[in-house]
There are 2 protein chains.
Amino acid sequence: MPVTFEDIKTAHKRIKSFIHNTPVLTSRYFDQLCGAEIFFKCENFQKVGAFKIRGAANAVFSLKDEELRNGVITHSSGNHGAALAQAAMWRNAKCYVITPRQAPKIKIKALQTYGAELTFSEATLASRQEECDKVIAKTGAVFIHPYDNDAVISGQGTAALELIDEVRLLDYLFVPVGGGGLTSGSAITLKHMLPKAKAIACEPELADDACQSFKTGRLHPPKPPVTIADGLRTALSDRTFSYIRQYVDDVVTVSDEEIISAMRKVWERMKIIIEPSSATPLAVVLKMKKELAGKRVGIIFSGGNIDLEKLPW
Amino acid sequence: MPVTFEDIKTAHKRIKSFIHNTPVLTSRYFDQLCGAEIFFKCENFQKVGAFKIRGAANAVFSLKDEELRNGVITHSSGNHGAALAQAAMWRNAKCYVITPRQAPKIKIKALQTYGAELTFSEATLASRQEECDKVIAKTGAVFIHPYDNDAVISGQGTAALELIDEVRLLDYLFVPVGGGGLTSGSAITLKHMLPKAKAIACEPELADDACQSFKTGRLHPPKPPVTIADGLRTALSDRTFSYIRQYVDDVVTVSDEEIISAMRKVWERMKIIIEPSSATPLAVVLKMKKELAGKRVGIIFSGGNIDLEKLPW
């Protein structure tokens, strides 16, 4: 049964007392720059610093006690890993994370802060899978994929739900697309609550597999992981591709330079910290501003986790 | 007539439709770190990016039309200059700013954005005064000092007013002290609204003239401008020193290392951008945490204007 808006409402009831109903900010500067009314849903202020806690919490809270007895496991060492560990901690369950030996120390430290039990793998997909299978065989932990999972997708759809609940009318919603979990959930919510509004998935040119897949109707593999928007380097799964084909109006790409410029403008003008993935939809909005004149535009700022030692300017 | 709480309430009525009632944020991380309840009044989200718009707007809006006919002038090329220019623009008045030829381009650009008419001086106080006198003689503009001015002080006191209106009870209020305008206004407000609460002025060790003045009862001159908290390099005036002696409970200093560490923690944990001056009171709170256990603590984050090219890490 594919995810419906009812699933997203149920997810919201399930997780809302654990997560933040993050603020929706506006900025006269960006409104004037675009000639539109822009509403920024600030998931950079979310628990663990990213929307990922929504999907992870919904997945973990959907499990029965006996299903959760042996803990949960994932192979994302980024925001999903931290989010899953936090959600597991709320239920006093274990969380195993497979992480490449070469992962940045800052990420490993974050995972440990949330109580994850780490297993190191080599950087290859094969090694990651092998280590993951071993831990599952040993522990019986339940695997929670970062996006190829309907409970996760339902959870991610709750950010758009809160945004639309608050601002009511939107003509457009722009979300970043990596694996497609946030995009799928957001688009399902948007098309149910505001059927006439357009859902635009936003992607770095350097990781334009979703755009290629959307335009050709055939799932494309991931590109080499070079874009600065490190949260958007992954490719869609069959599941998220199917939701995106059904609910998303367009996939638009921007260059890394446009992403960095948009991110810097947000830091300077709004005085808030967003990561490059978050700046991607804003960069698309700035590029499309002619089309957006006079419109009400929602943007999901997906997260704010960035290494302050390695800023791109 | 020295500034009273009535003046601050009047100032708030005068300026409130022009400024932001900035949000009061909380952070579980910092609460746990200090064992206290901390309320951050976020003037980094204020118009022009700092509390300075409060004092500047109150000073400009206090002038009669005929007084304002020839415009206003100041010699601060930082946040006060930008704030004065913005306030003057709201009343369609001219604003002249004397700025050292060597001022950072980013500041000059900001002043121009707000429509200031710039006159360049050498870096000395004598040259600055000479140029200022010349412009006043030529134009008849009204001089608005960045802090040695009761209308400015009354305006600065409105940030604490909004904070206490929102959170009601506080045991302590920590504010950064440079020239003493924000400190004076905040302490007058605090001692009127919450007479038992303590007002603590927070200063970099490298610019500890206010601390020295407070402890010796004799006004000390400014230190060489070396602290990273560039908004706090100025010294008190007789006027602000007198308010501080009357209303402030203590002046506490911290090292630049403590300021940078506090600032970084805010960026990483709260995902908001504050400038070093703003981090100074938080650094003091972190240092005094034993004394603050279980208390309700207010902190004014004074601003968020920082050159992203020159971060201290």
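**Notes on the predicted model**

1. Strand S1 (residues 24-25) of chain B pairs with S2(B) in the antiparallel sense, over two bridges. Within this pairing, Val24(B) stands opposite Lys41(B) of S2(B). The model is a predicted one.

2. Cys42(B) stands opposite Phe301(B) in S10(B). Strand S2 (residues 37-42) of chain B has five of its six residues buried, so the strand is largely enclosed by the rest of the structure.

3. Turning to the sheet of chain A, six strands form an open sheet with mixed pairing, in the order S1-S2-S10-S7-S8-S9. Strand S1 (24-25) and strand S9 (250-254) of chain A stand at the edges; each has a single partner strand, so one side of each is left without a neighbour in the sheet.

4. Inside that sheet, strand S7 (residues 172-176) of chain A runs parallel to strand S10 (residues 296-301) of chain A, and three bridges join the two. The bridge partner of Phe174(A) in S10(A) is Ile299(A). As background, strands of a sheet pair through backbone hydrogen bonds, either parallel or antiparallel.

5. Two helices of chain A should be read against the sheet. Helix H9 (residues 181-193) of chain A lies across S7, strand S8 (198-204) and S10 of chain A, and runs at about 170 degrees to S7(A). Helix H10 (residues 209-216) of chain A lies across S8 and S9 of chain A, at about 145 degrees to S9(A).

6. Chain A is divided into domain 1 (5-50 + 150-301) and domain 2 (53-143). Taken over C-alpha atoms, the centres of domain 1 and domain 2 of chain A are separated by 25 Å. Their contact takes 19 residues from domain 1 of chain A and 15 residues from domain 2 of chain A.

7. Which helices supply the side of domain 1 of chain A that touches domain 2 of chain A? Helix H1 (5-15) and helix H8 (150-167) of chain A each supply at least two residues of that side. H8(A) gives the most, with eight residues. The residues of this side of domain 1 of chain A divide into 10 nonpolar, seven polar and two charged.

8. The contact between the chains takes 13 residues from chain B and 13 residues from chain A. On the side of chain B that touches chain A, the residues divide into six nonpolar, three polar and four charged.

Conventions
Residues numbered from 1 in each chain as written. Chains lettered and ligands numbered in written order. Predicted model: local features only at pLDDT ≥ 70, side-chain atom pairs only at ≥ 80, totals over all residues. Pairing = 2+ DSSP bridges. Helix = DSSP H or I, 4+ residues; strand = E, 2+ residues; numbered from the N terminus. Contact = placed C-beta atoms within 7 Å. Axes fitted to C-alpha atoms, helices over the stretch in contact; angles between N-to-C directions. Domains from an automatic or database assignment. Nonpolar A, V, L, I, M, F, W, Y, C, P; charged D, E, K, R; others polar. Buried ≥ 20, exposed ≤ 12 C-beta atoms within 10 Å, placed from the backbone.
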